[in-house]
Amino acid sequence: MAGRACARGLFGLRPLHNASRNMSTLSPPKKLDPNYVSTESMDVERLFLHADVRKILKKLTGMDLNRIFALRKQENSVPSYKLMTDEELKQAYAKALKRAEFTLRMPPVMRKRVPCEAIIRKDPGMQGAEKHKFVFTDISYGIPDRSRPIVVREPNGVLRNASWEERDQMLQTYLTRPERESRTPPMFTEPHLTRILDKGWYIFVLDRACAQFEPDDEWFIAVTHRTYDHISEKSAFDVVRSTRHFGPMCLYLAVVKNGDKLMLELLTTNRLEDAAAFVRLLHLVHPESRSAGEVDEKSSAMDFVEAYIKLEAQMKAKLDLALQSYNDQVQAATA
Amino acid sequence: MFRIASLTGQFCRMSLAPPIQVHLQNRSTSFFSKVTAEHLWKGVTSVSNAGRKRGRASGSSRKMARDLNRGQVLGVGKINMVWPGLSAPAIRGQEIIRQQKLEPDPEREKRLTALRNKHVGVRRTKIAPLDRGWSGGKAGGRYIGPPDPVGDENFEGFKSCVVKMGMVFVMRGNTGRTRQHKSIVIVGNGNGLIGFAQGKAGDARSALRKAKNGAAKNLVYIERFENHTVLHDFYTEYGSCKLIVKKKQRGYGLVCQRVVRELCKVIGIKDIFVKADARRMNTLSVIRAFLLGLHNQRSLQSVADEKRLHVVEFREEYGYFPKVVASPKDEPVRTAEEINPNEELDFNMIINGGRLVMMPKKKTPFYWNLPGYQIYLKKTDPLKNHRTTHLRILKRYGALKSFLTIREEEEQKQASLKSS
C-alpha cells in the first residue's frame with residue numbers, strides 16, 4: 001500500500017481553457033445527433049448491446065476474407081512455409097477465421113460522456129497559497145484507465161475530480177499510448193477532414209479516430225458521424241464493407257433514419273437479404289415507425305423491403321426501380 | 001635597366017645608369033652548329049633503349065613530342081612586315097614591291113596557340129561516373145552492351161558486364177615472354193537468363209568481345225521467386241568460395257559481394273543477402289558457386305511431392321493467412337497417423353538437405369564495451385529526442401517557446417497594461 005501511495009505524480013497545469021482541448025479554436029466537425037447525447041427518445045448504448053441488433057450488424061458487415069487479409073500497407077517480409085496435412089490445413093483456416101472475427105469486432109457505440117467533476121472537499125484555508133492548479137494522478141499498475149483516481153486542487157482550495165479532458169491529458173502523459181497524440185490532430189478538423197473524406201480515405205479516418213479518442217468522446221462521435229454521412233452521400237459503402245466500422249455506420253443510419261442510399265446500394269448489388277436485415281434493424285431502433293406495423297416475423301425479405309419503400313423511403317422512385325431490376329434479374333436467372 | 005626604366009616611366013628616370021661593359025667570349029663553332037636539327041629533336045623527344053625496355057615508349061606513359069613550329073611560316077613574324085621575295089612576290093605587274101610595315105595582327109598569336117594545342121593522336125574517351133564500374137580506370141563492373149547478333153538473334157534487352165580483366169603472360173623457349181589480355185564477362189537479360197565465359201586475345205577489346213560472345217552462347221535459365229529473389233535460402237560452394245545465400249523481401253536490395261551483385265543484376269534478382277566466405281576470392285569460383293547454388297534450388301512442388309504434404313505459405317503483410325502453394329501431384333496427402341513422429345518436417349531443414357548454416361555473428365565496434373562509450377551514451381541520452389521536440393515546438397508556437405514562456409509573456413503584458 002505504501003508503494004501505491006508513493007507512486008503518485010505531481011504536475012502543474014495551465015489554466016483550464018488551455019489545458020482542456022489544447023487549442024481553444026478547435027471544435028468537433030459536426031453537431032451531435034440528440035440520440036447520441038441523451039436517452040430521451042432512445043438508448044443507443046443498450047440498442048448496440050442488444051443481441052438481435054448485433055446479429056443484424058454482423059450480417060450486414062459480411063466477412064470477405066480477401067478483404068480482411070488483403071495486402072497491408074507495411075514493410076514486406078520474407079514468406080515462411082509449413083508442411084501440413086489436410087487436418088492441419090483445416091485448423092489453420094479455422095484459426096485465420098477466428099482472427100478475421102477478431103478484426104471485425106465493432107468499436108462500441110456510446111453516448112457523449114457527461115461531465116465528471118464532482119467536488120470532493122473545500123479547503124478555504126488553502127486559498128491563494130498557489131497560483132496554479134495541481135493535478136494528482138495515481139499511476140500504480142492494474143487500475144483501468146476509466147476508473148483511475150485523478151483529482152485536481154484548485155487555487156481557491158477546492159479539491160475535485162479531474163474533468164474528462166484533464167484525465168485524457170494526464171493518462172497520455174503518464175501512461176502513454178503510442179498511437180494516440182496528446183493534441184487532437186488537425187486532420188479531424190475542417191477543412192482538412194472534408195478534404196481527406198473527398199479522397200475516399202474513410203477507413204484511415206475511422207481507424208485513426210478509434211486510436212485517438214475514447215468511444216464516448218464528443219470528438220469521436222462527431223468525426224465518425226461526419227464520415228458516415230460522407231460515405232452515405234457518396235454511396236461508398238463498399239469501401240467499408242467487411243470492416244469493423246460497417247456495423248456502427250448501419251446503426252447510425254438507422255438511428256437518424258437516413259438509410260435510403262444504403263438500401264439502394266444493397267438492392268443494386270443484389271443483397272436483398274441484407275436490405276431486409278437493415279429494415280429489421282430500423283424497426284428495432286424505431287419500433288413506432290409506420291412500416292414496423294406492416295410486417296411481422298413471418299414476413300419475407302421482399303415484404304420488408306417493400307414496406308420500407310412504401311412507408312419510409314424518401315427516394316421512392318429510385319428504390320422501386322432498383323427492386324424492379326432485382327426482380328427481373330432473379331426471374332431471368334430462374335427462367 | 002632600360003626595360004625597367006621604360007616600364008616605370010618618369011619615377012625611375014633618376015636611377016638610369018651607364019651600361020656596364022662585359023667581355024663576351026666568341027667561338028666559331030658550337031654544339032648547335034655541329035649537330036643537325038633532326039639530331040637535336042631526336043635527343044629531346046626519343047626514349048633511350050633502356051627506357052624502351054621498361055615500357056616508357058609505349059602505353060599511357062609514352063610522352064608525345066609536340067611540334068612547336070606548327071603554323072609558323074618563314075617570313076611571317078610578330079611584326080607584320082611585307083618582305084618582297086620572301087613573304088610576298090617581288091614584282092606585281094609593272095610595280096616593284098617594297099619593304100613595308102603593315103598594321104599589327106592581334107589574332108595571329110591566338111591562332112598559333114590554338115593550332116599548337118590542337119590534340120594529335122588518340123584521346124581517352126570519358127566515361128560517366130555511374131558507368132565507370134567498381135573502381136578507378138579498371139574495367140571490372142563495367143557494362144559493355146549486348147552481345148553481337150548471331151543469325152536472326154539480336155540479343156535485345158541483354159546486357160553484359162565485365163567481372164574480370166587482366167593480363168596473362170606465358171614464357172616459351174622460342175618466343176620468349178608473350179602476353180595476352182584475359183577477360184571474364186557475364187551476359188544476361190535481367191529476366192532469368194545468364195551466361196558467362198572467358199576470352200583471351202592480344203588486345204583488351206578483342207578479349208572482351210570474345211568473352212561476351214562466348215557467354216551469349218552458354219545461356220541458362222534461373223528460376224526466381226516472384227521475379228525478385230531466390231526460391232529459398234541455400235548454402236553453396238565451389239573451390240575455395242563458400243556462399244551463404246538468403247532469400248529477402250521486396251525492397252531489401254542487393255547486399256552481397258560485388259561479382260555476385262553483378263550476377264544478380266544480369267539475372268534479374270533484385271533482393272538478396274549473400275555472405276561470402278572466400279579467403280582467396282577467385283572470380284570464376286564465385287560465379288560457379290553462385291550459379292551452381294541457383295541451379296540446385298528446389299521447387300516447392302518437389303518438396304510437396306517428396307513429403308506428400310501441402311506446402312503452405314504464411315506472410316505477415318497478408319495477416320498470416322494460410323495459402324497453399326503446392327500440394328502432392330499424384331499421390332494423396334498423408335494423414336497425421338502416417339507421419340513418423342521423428343520425421344523432419346521443418347521446411348528450411350528439408351530444403352537444405354538437413355543442414356542449416358549458422359550465420360556468423362555480427363561484429364560490434366570495439367569501443368562499445370569501453371567505459372568512455374557508456375559515459376557518452378549516458379550523457380547524450382537526454383538529447384536523443386531533441387530534434388523531434390524542437391520541430392514539434394516550432395510547428396506549434398512558430399518559435400522556440402513553451403507554455404511556460406508564453407505564460408510569462410502574458411503575465412508581463414498584463415503587468416505593463418496595469419501600470420500604464
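Predicted model: local features only at pLDDT ≥ 70, side-chain atom pairs only at ≥ 80, totals over all residues.
Q: What should I know about the numbering and the values?
A: Residues are numbered from 1 along each chain as its sequence is written, and chains are lettered from A. Local features need pLDDT of at least 70, side-chain atom pairs count only at pLDDT 80 or more, and side-chain values use heavy atoms, leaving out hydrogens and water.

Q: Which residues have the most contacts inside the largest nonpolar core?
A: In soluble globular proteins, nonpolar side chains tend to be buried together. A nonpolar core is a set of buried Ala, Val, Leu, Ile, Met, Phe, Trp, Tyr and Cys residues joined through side-chain atoms within 4.5 Å; buried means under 20% relative accessible area, exposed over 50%, partly exposed in between (1.4 Å probe, protein chains only). Here the largest core has 67 residues, and A:L60, A:L251, A:L281 and A:V305 have the most contacts inside it. Helix α14 (residues 272–285) of chain A gives the most to this core, nine residues; helices are DSSP runs of H or I, at least four residues, numbered from the N terminus.

Q: What is A:L251 in contact with, leaving aside neighbours within four places in sequence?
A: Contact means heavy atoms within 4.5 Å. The partners of A:L251 include A:Y36, A:F48, A:L281 and A:V285.

Q: Is B:F366 buried or exposed?
A: B:F366 is exposed because its relative accessible area is 67%. B:F366 sits in the loop between α10 (347–351) and α11 (371–380) of chain B.

Q: How much of chain A is buried?
A: Buried residues make up 44% of its 335 residues.

Conventions. Helix = DSSP H or I, 4+ residues; strand = E, 2+ residues; numbered from the N terminus.
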